[in-house]
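Reader: I'm new to this one. Can you put it up and walk me through it?

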Amino acid sequence: MAAKTAPADNLSPDEMESHYFKTNPQPVFLQTHTSVARTFIDRHVEANRRVVLVTSGGTTVPLETQTVRFIDNFSAGTRGATSAEYFLQEGYAVIFLHRQFSLLPYSRHYSHSTNCFLDFMDEAPSQPASSSLSSTIGGQNSEHGPIVVRPEYQDEMRKVLRQYRYAKENHLLLLLPFTTVTDYLYELRTLANLMKPLGANALFYLAAAVSDFFIPRDRMAEHKIQSNEIPAPEQQSVTAAHTAISPDSIYTGFNDPNGPQKQQKKLIVDLDPVPKFLHRLVNGWAPAGSMIVSFKLETDPNLLILKSEQAIQRYSHHLVIGNLLTNRKWEVVFVSRKPDGGMQERWIRIPRPRGSVSGALPGMCAGLEAGLSASAAAAAAAARAEEHSRKEVEIESVIIPELKKMHTAMIEKAKSAHADKA
Ligand code: 9Z3
């Protein structure tokens, strides 16, 4: 039997782009994002500041237009959110294009289940009724003490809070959420085009885990996919609108005609490849002279370098940062072209955090602690405090300054080429 060909096969990157964006509708919030991003970028063009677009988190692949079910991936957005903080520290303005509800710069320290924010807080003893503090709580006299940050976390939280406020007050961080892979691609294209006036001051840091497969809109079921036959109209006590759906028109339900008859249908999902838009980003969407860094995720160590090199050869951008799922928090590899055109690789490693399996800091939320005795809970709290005071190195604290150096070299080169021409 002949293999089924995807509609976009044999198309040039330009044709693929126009086919994809013509056939898959844009996100409803694209216009609003465009207008806030334009203001943000204009401000930093004016200040001659470098701007990095950080993409972060996973993308969903909806199975229905009115989406009940979707395919997703593992990414929590740790890499992106952490990197954004280090870019801000290095003086960049950051556009943070992230999967909605994934980790955000700064709040990541307290929002995730491994660092439950409630574990950082306490209720201070109540003040005497005459004190101004207790009388102002909730606008009335209160028997309750104020909620405070526990003493052992004060220093760290103050530091995070100050950095967060600084970024916010100086308009250095723009948060733009997306959900689906198509939303992501629309946003990436729009933002890259808006960034054109930044020229060499623009940097793209593509850390989002973008799905390689999707269902094109013209093949997507409108309504929730049914797992069994919809009763015939005469037996049905639902509205006319529902009876209009014929069981034959349900896209993914399937029963093997040769197999035993079953009540429930199988769900066979037929996905197309998501066109590779890195080529279009490099050769059209992004500003001339900007720096483009993509990530390559693998699970097989034997493929990591090979696939990273392939990406550089295929898309001719500046750097691929390769990482493996299991050790991505303490080991990455920079793969790029040497000046003579050959490939080079450079490993960046940090000490593996103690007692860590996946690289996440071992933490414990109140829910988990509830079953512990008072002394065990106290010991868990003390361990948590120790963990926080022991400064774990984050690999992004090494990656980002390295990228800044490379970006600086590119900007300098662009400037001297410009001066030579003049
Ligand atoms: C990465 O490789 C990121 O480092 C991770 C970060 C997704 C592994 P977490 O969010 O994980 O911190 O949990 N991102 C890029 C993965 C990707 O989809 N790359 C594409 C590919 O490999 C190219 S852009 O084809």
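Author: What follows covers the ligand site and then a sheet, in a predicted model.

Reader: Which residues come nearest to the ligand?

Author: Ser 75, Gly 77, Arg 79, Asn 323 and Arg 328 come nearest, out of 16 residues around the ligand.

Reader: And by class, what is in that shell?

Author: The shell has eight nonpolar, four polar and four charged residues.

Reader: Which element gives the largest share?

Author: β13 does, with three residues. Both α3 (78-89) and β13 (291-298) supply at least two residues of the shell.

Reader: What does an oxygen atom of the ligand sit 2.6 Å from?

Author: An N or O atom in the side chain of Asn 323. A nitrogen atom of the ligand is 2.9 Å from a polar backbone atom of Ala 207, and a nitrogen atom of the ligand is 3.0 Å from a polar backbone atom of Phe 295.

Reader: How much of the ligand's accessible area does the protein cover?

Author: 89% of the 610 Å² that the ligand has on its own.

Reader: Now the sheet. What is the strand order?

Author: The order is β7-β4-β1-β8-β13-β14-β15-β16, an open sheet of eight strands with mixed pairing.

Reader: Why is one side of β7 and of β16 left without a neighbour?

Author: β7 (173-178) and β16 (343-349) stand at the edges, so each has a single partner strand. On average, neighbouring strands of this sheet are turned by 15° against each other, direction ignored.

Reader: Parallel or antiparallel for β1 and β8?

Author: Parallel: β1 (residues 51-56) and β8 (residues 202-206) pair over five bridges. Val 51 stands opposite Ala 202 in β8.

Definitions and conventions:
Residues are numbered from 1 along each chain as its sequence is written. This is a predicted model: local features need pLDDT of at least 70, side-chain atom pairs count only at pLDDT 80 or more; totals for chains, interfaces and linings use all residues. Side-chain values use heavy atoms; hydrogens and water are left out. A residue is near a molecule or strand if one of its heavy atoms lies within 4 Å of it. A polar contact is a pair of N or O atoms within 3.5 Å; within protein, one must be able to donate a hydrogen and the other to accept it, and residues adjacent in sequence count only if both atoms are side-chain atoms. Accessible areas come from the Shrake-Rupley method with a 1.4 Å probe; for residues, only the protein chains shown count as cover. Helices (H or I, at least four residues) and strands (E, at least two) are DSSP runs, numbered from the N terminus. Ala, Val, Leu, Ile, Met, Phe, Trp, Tyr, Cys and Pro count as nonpolar, Asp, Glu, Lys and Arg as charged, and the others, Gly among them, as polar. Two strands pair if DSSP finds at least two bridges between them. Axes are lines fitted to C-alpha atoms, for helices over the stretch in contact, and angles run from 0 to 180 degrees between N-to-C directions.
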